[in-house]
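Trainee: I would like to learn how to read sheets and disulfides in a model. Could you walk me through one?

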Amino acid sequence: MRHLLNQCMVLHVLLGTRRDWIAKGISTHDGGDTESVAGSVPVLGQQRREDGFGMGNTGLQRTVDLQWWDAQIEEWKAFRCESGLGPCITFDMVPGAYRVMSAYIKRGSKLTVHLNNINNEHDYEVLIKSGEPPTETSYDYRMTRKEPGFTQWSCRGVSLFFRIELPNNVHKKSKFGVTLTEDNCVEKDYSVRCPGGWKDKGDGWCAPPKFYSGPCRKQNYFGEYNLGKDYSNPSSKVYKILWAERCGADWPCKEVIGRQCTPDLQYVTKNRWHVTSCKDGEVCQMFTLAEESKKDDWRMLLVEVPPTSSVSVEVGSVITLKAVNRFREQVNSNHKGVPEDLLGKDEFTLAVRKGDGVEGENWEWSNTFRGAAPYVELHNPLCDRFQKFFLGLYNNNRVGGSSKVGVTMNRLQTKESKSADHRCRLSHIRGAGGGHETEGL
């Protein structure tokens with residue numbers, strides 16, 4: 001396991017042996033392999049959806065776009081899958097064959113891929129790679145049939161490719177099913193007896209809440225009952241993962257992915273946007289601003305705040321050798337005839353606007369902050385989506401030459417971020433209701 005593409009994402013392997021159900025679907029032939037589509041809708045082309053929020057947030061089921069490579073016609077075929085509701089696609093593979101598939105992990109989201117091999121006695125392996133299809137010599141991780149699935153989350157958004165291979169020493173074809181589950185939770189708390197919102201009735205039994213509308217509506221047992229395999233022990237993590245996929249109920253979320261993501265600062269130079277990563281407490285980027293009312297006396301900035309997060313932005317003068325020499329000249333002249341503005345009293349304006357405006361409308365800043373070190377806090381209460389904030393940095397100094405300014409950003413623990421984190425971890429429970437809060441500073 002390792003970090004991929006320098007992005008904030010983690011690859012985990014689910015332990016245990018996967019034995020679960022395969023839903024029936026519509027079959028089509030493809031060179032000896034059979035694809036059976038269940039719970040999916042064909043779509044044209046490779047689509048990247050950025051609007052699939054969880055049921056706890058909108059009351060709607062998430063969807064995930066799955067693509068698989070058709071080697072005969074050398075094109076990608078796409079299906080829109082319902083997240084976590086049984087296999088999106090099933091297919092037969094002959095010995096020595098392989099199948100390449102891809103799914104897009106949205107920003108601030110996690111994708112779990114479960115594989116179901118009906119002929120469980122067959123060995124197979126899966127090669128996994130981010131950003132491009134894996135090959136036998138180029139991949140990020142190799143998975144075997146003992147590991148029924150894998151999960152990866154991303155702060156930036158990335159395409160995840162996986163290649164399922166059936167070795168030549170297998171004497172008959174094998175059937176596979178692929179289930180995709182998307183959420184915004186880094187890790188769920190499977191140490192808890194019951195799914196989120198369910199009532200513990202004692203002795204290992206859990207009763208569903210009124211808002212639950214899935215297929216497992218009666219009391220369910222999650223006590224100890226060990227038959228030698230994790231998937232057959234109702235109290236095990238593997239059993240709960242498979243049960244949640246089949247029944248559409250989640251265990252409590254320990255941490256929302258947005259809490260692991262860092263904000264980026266974007267700025268315009270020569271009519272092009274550039275991006276830089278920022279570390280807490282360090283000057284993220286420096287700019288030279290001309291005197292007020294002259295060309296280049298301001299800068300346009302863009303900060304994207306991660307979900308459930310608060311970020312502070314502070315602007316201040318940066319001490320340079322030129323500034324030090326200018327100060328010495330002022331001291332040596334005993335301040336005679338030196339305008340007050342030259343005595344180091346720099347002043348700047350930091351203007352803010354949420355980045356959800358319609359292109360072409362009249363541009364107006366929602367807030368402005370003025371001073372030697374203007375400071376603003378930006379809050380994103382959303383569970384799944386980064387919030388954009390445009391910033392305007394202006395130089396208010398009319399004389400004394402250009403000013404060198406630095407921009408510093410910090411992640412904050414505020415009442416707004418704590419409230420959003422608590423709400424989003426609760427809304428991770430599918431069907432729990434609740435909506436997005438109003439976006440704001």
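**Strands, a helix and disulfides**

Mentor: Gladly, and keep in mind that this is a predicted model.

Trainee: What is the strand order of the open sheet of 4 strands?

Mentor: The order is β22-β29-β24-β27, with antiparallel pairing. β22 (283-289) and β27 (375-380) each have a single partner strand, so one side of each lacks a neighbour in the sheet. On average, neighbouring strands are turned by 20 degrees against each other, direction ignored.

Trainee: Which strands does helix α4 lie across?

Mentor: Helix α4 (residues 415-427) lies across β24 (309-317), β27 and β29, at about 155 degrees to β24. Among the buried residues of α4 are Ala420 and Cys424.

Trainee: Now the disulfides, please. What is a disulfide in general?

Mentor: A disulfide is a covalent bond between the sulfur atoms of two cysteines. In this model the count comes to 7 disulfides, with sulfur atoms within 2.5 Å as the criterion. One of them joins cysteine 155 to cysteine 261, S to S 2.0 Å. The pair links distant parts of the chain, 106 residues apart: cysteine 155 is in the loop between β12 (149-154) and β13 (158-165), and cysteine 261 in the loop between β19 (253-256) and β20 (264-269).

Trainee: Why is the disulfide of cysteine 155 and cysteine 261 called left-handed?

Mentor: The torsion about its S-S bond is about -85 degrees, so the disulfide is left-handed. Both cysteine 155 and cysteine 261 are buried.

How values were computed
Residues numbered from 1 in each chain as written. Predicted model: local features only at pLDDT ≥ 70, side-chain atom pairs only at ≥ 80, totals over all residues. Heavy atoms only, no water. Pairing = 2+ DSSP bridges. Helix = DSSP H or I, 4+ residues; strand = E, 2+ residues; numbered from the N terminus. Axes fitted to C-alpha atoms, helices over the stretch in contact; angles between N-to-C directions. Contact = heavy atoms within 4.5 Å. Buried < 20%, exposed > 50% of the residue type's maximum accessible area, 1.4 Å probe, protein only.
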